[in-house]
Amino acid sequence: MLTSVDKLVAWVLTGFLAILTIFFNMYLLLVNHRSYRKKHKLNPADFIITAIALASISQQVLTYLWQTMDVIDTVCRISLTEAILLVLIFSVKLIIFWSTAFLTFYYGTKLVVEPVHCYTRIQEAIVKHVHTVLAVIFVSGFANAVPLLSVLTYYNGTSTGLGDCGSIMPTNTTGLTYIFYYVIISDIVPGIVMVKCSISISYHLAKHLLDMKASSNGAHGPKLGTQMRVIKMTLSLVVVYFCFVAVDIYTQMTVVLMRQNTLALTILFASIYTTVSAFVLVYGKKSYWKELIASYNLFLDEYPCFSRMKVEEVKTEPHEHSHGH
């Protein structure tokens with residue numbers, strides 16, 4: 001069980017993480033916006049990253065609002081508002097997970113050249129309609145989470161009075177079934193998509209490295225250099241996702257099955273996930289990371305006392321150009 005002090009600590013941590021998440025995601029949005037103004041179009045990867053960034057910022061604002069209400073409103077006067085906020089958080093979480101799965105799917109399709117058959121034709125068709133797929137993800141995010149309002153109890157009547165207002169407490173089998181359906185559709189299915197894509201990307205990488213070893217003239221060198229960072233970024237996103245999903249499913253079980261007031265922890269872990277994944281997305285694009293480090297060092301130049309905090313700038317490789325970006 002969480003005490004009011006635990007909730008306060010979670011609230012403060014969420015606030016700190018919200019600042020970091022909004023910073024990294026705003027940076028992604030600004031760089032993509034500049035790219036759009038130059039070229040008058042966004043390539044599919046940047047479009048998906050923009051959607052993830054917008055959803056992550058919304059998620060952080062909503063989680064911080066919910067935690068603020070949870071800390072302040074101890075007698076559950078505004079429990080309906082909190083329940084609606086919670087449903088919005090779960091909607092946006094589903095959107096972030098599916099958009100991230102779609103990004104790994106996109107990179108998987110672009111990086112791995114497979115023999116043409118029915119499955120690859122379907123893949124190509126999906127990748128060609130990025131805007132439509134993202135629209136479907138956004139709509140289904142809300143469509144799958146809104147029925148949770150009928151499952152939520154607006155007041156969790158724990159005897160200690162430490163309950164979360166508007167928390168997820170199914171009172172019957174239908175409610176419990178819906179919660180399980182939601183966890184499968186929001187946490188497990190995107191995970192399966194990511195595993196499939198990361199296996200094919202890893203296999204492609206291993207095969208490529210073996211080809212390079214076998215090739216004496218090193219003709220494959222430049223190509224791998226352009227792909228390596230994207231591969232690292234995609235696999236890192238998958239690892240971060242699975243670490244989060246394991247914790248997320250466990251905390252949701254403590255809320256739904258054990259009737260504990262640990263919803264604040266679920267919200268905190270969601271904030272940690274959005275922060276780390278935003279950092280991975282910025283780091284994954286060399287041009288983004290290089291520019292961010294340069295801006296950071298320029299900022300420190302204004303304050304000589306902080307000169308020790310400077311970060312060594314990234315060297316540009318001769319072959320460096322974004323692959324599939």
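The largest nonpolar core of this predicted model has 70 residues, of which Ile48, Trp66, Leu103, Tyr107, Leu148 and Leu281 touch the most other members. A nonpolar core is a set of buried Ala, Val, Leu, Ile, Met, Phe, Trp, Tyr and Cys residues joined through side-chain atoms within 4.5 Å. Helix 3 (residues 79-111) gives the most to this core, namely 17 residues. In soluble globular proteins, nonpolar side chains tend to be buried together.

**Basis of the model**

- Residues are numbered from 1 along each chain as its sequence is written, and side-chain values use heavy atoms, with hydrogens and water left out.
- Local features need pLDDT of at least 70 and side-chain atom pairs count only at pLDDT 80 or more, while totals for chains, interfaces and linings use all residues.

**The chain as a whole**

- The chain has 10 helices and 0 strands; helices (H or I, at least four residues) and strands (E, at least two) are DSSP runs, numbered from the N terminus.
- Of the 325 residues in the chain, 47% are buried, where buried means under 20% relative accessible area, exposed over 50%, and partly exposed in between (1.4 Å probe, protein chains only).
- Among contacts (heavy atoms within 4.5 Å) with a separation of 6 or more, 77% join residues 24 or more positions apart.
- The chain exposes about 16300 Å², and carbon and sulfur atoms supply 70% of this area; the areas come from the Shrake-Rupley method with a 1.4 Å probe, and for residues only the protein chains shown count as cover.

**Thr104 in helix 3**

- Thr104 lies in helix 3 and counts as buried because its relative accessible area is 1%.
- Leaving aside neighbours within four places in sequence, Thr104 is in contact with Met194, Cys197, Ile201, Thr234 and Val238.

- Asp187 is found in helix 7, and its side chain makes a polar contact with the side chain of Ser186 at 2.7 Å.
- A polar contact is a pair of N or O atoms within 3.5 Å; within protein, one must be able to donate a hydrogen and the other to accept it, and residues adjacent in sequence count only if both atoms are side-chain atoms.
- Asp187 is buried yet has no salt bridge, and the nearest side chain of opposite charge, Lys93, is 4.6 Å away.
- A salt bridge is a side-chain nitrogen of Lys or Arg within 4 Å of a carboxyl oxygen of Asp or Glu; Lys and Arg count as positive and Asp and Glu as negative, while His and the chain ends are not counted.
- Leu205 is in helix 7 (residues 173-214) and is buried, because its relative accessibility is 13%.
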